[in-house]
Amino acid sequence: MQDRIREFVLAALTEMQYDVSEVTGDTDLGPAGLDLESLALADLSVQVEDEFGVKFDLDEMEGTALMTLDEFTADVAARIAAATTPATSGSPA
């Protein structure tokens, strides 16, 4: 799943006019790497939400900028897994 997410993210970044030719899993999304600005991070997050059915809160955008590509795709994969795993709740006795 993480490979599929990575391919999607790289394709989305390419469409957003970012050069991903030298991007690796260790490339930061923020200033130390791709240098995605707030609006670009929001755009990417919305595309990921639409494609994979996950949700990001607005206050998570700053943390996303500090992630590497691999960290971001792992986070998305974990959100997908959590969304597809049935919640365990106590049954009434």
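Colleague: How many helices and strands does the protein chain have?

Modeller: In this predicted model, the protein chain follows the pattern α-α-α-α when read along the sequence. The C-alpha atoms fill a box of roughly 55 × 25 × 20 Å, taken along the principal axes. The count for the protein chain is 4 helices and 0 strands.

Colleague: What share of the contacts in the protein chain with a separation of 6 or more comes from residues 24 or more positions apart?

Modeller: The protein chain has 93 residues, and buried residues make up 37% of them. Among contacts with a separation of 6 or more, the share that comes from residues 24 or more positions apart is 59%.

Colleague: At what angle do helix α1 and helix α2 pack, and is α1 parallel or oblique to α2?

Modeller: Helix α1 covers residues 2-15 and helix α2 covers residues 38-52. Their axes lie 11 Å apart, and the packing angle is about 135°. Angles over 145 degrees would count as roughly antiparallel and those from 65 to 115 as roughly perpendicular, so α1 stands to α2 as oblique.

Colleague: Is the crossing of α1 and α2 left-handed or right-handed, and how many residues of their contact are nonpolar?

Modeller: The crossing of α1 and α2 is right-handed. From α1, the residues Arg4, Ile5, Phe8, Val9, Ala12 and Leu13 take part, and they meet Leu44, Gln47, Val48, Glu51 and Phe52 in α2.

Colleague: With which side chain does the side chain of Glu51 make a polar contact?

Modeller: Glu51 belongs to helix α2. Its relative accessible area of 38% lies between the limits of 20% and 50%, and therefore Glu51 is partly exposed. Leaving aside neighbours within four places in sequence, Glu51 is in contact with Arg4 and Phe8. The polar contact, at 3.3 Å, joins the side chain of Glu51 to the side chain of Arg4.

Colleague: How far apart in space are Glu51 and Phe8, C-alpha to C-alpha?

Modeller: Phe8 is one of the residues of α1 that meet α2, and Glu51 is in contact with Phe8. In sequence, Glu51 and Phe8 are 43 residues apart. In space, their C-alpha to C-alpha separation is 8.6 Å.

Colleague: At roughly what angle do the axes of α1 and α4 cross, and is α1 perpendicular or oblique to α4?

Modeller: The axes of α1 and α4 come within 9 Å and cross at roughly 120°. The range for roughly perpendicular ends at 115 degrees, so α1 is described relative to α4 as oblique.

Colleague: What is the handedness of the crossing of α1 and α4, and how many residues of their contact are charged?

Modeller: The crossing of α1 and α4 is right-handed. Gln2, Ile5, Arg6, Val9 and Leu10 in α1 face partners in α4 that include Leu69, Phe72, Val76 and Ile80. This contact of α1 with α4 has 9 nonpolar residues and 2 polar residues, while the number of charged residues is 2.

Colleague: Is Thr73 buried or exposed, and which backbone oxygen does its side chain reach?

Modeller: Thr73 lies in helix α4, residues 69-84. Its relative accessible area is 1%, which is under 20%, so Thr73 is buried. Not counting residues up to four places away in sequence, Thr73 touches Gln2, Ile5 and Arg6. At 3.1 Å, the side chain of Thr73 reaches the backbone oxygen of Asp70.

Key:
Residues are numbered from 1 along each chain as its sequence is written. This is a predicted model: local features need pLDDT of at least 70, side-chain atom pairs count only at pLDDT 80 or more; totals for chains, interfaces and linings use all residues. Side-chain values use heavy atoms; hydrogens and water are left out. Axes are lines fitted to C-alpha atoms, for helices over the stretch in contact, and angles run from 0 to 180 degrees between N-to-C directions. Helices (H or I, at least four residues) and strands (E, at least two) are DSSP runs, numbered from the N terminus. Angles under 35 degrees count as roughly parallel, over 145 as roughly antiparallel, 65 to 115 as roughly perpendicular and the rest as oblique. A crossing is left-handed if the near helix is turned anticlockwise from the far one by less than a right angle, and right-handed if clockwise. Contact means heavy atoms within 4.5 Å. Buried means under 20% relative accessible area, exposed over 50%, partly exposed in between (1.4 Å probe, protein chains only). A polar contact is a pair of N or O atoms within 3.5 Å; within protein, one must be able to donate a hydrogen and the other to accept it, and residues adjacent in sequence count only if both atoms are side-chain atoms. Ala, Val, Leu, Ile, Met, Phe, Trp, Tyr, Cys and Pro count as nonpolar, Asp, Glu, Lys and Arg as charged, and the others, Gly among them, as polar.
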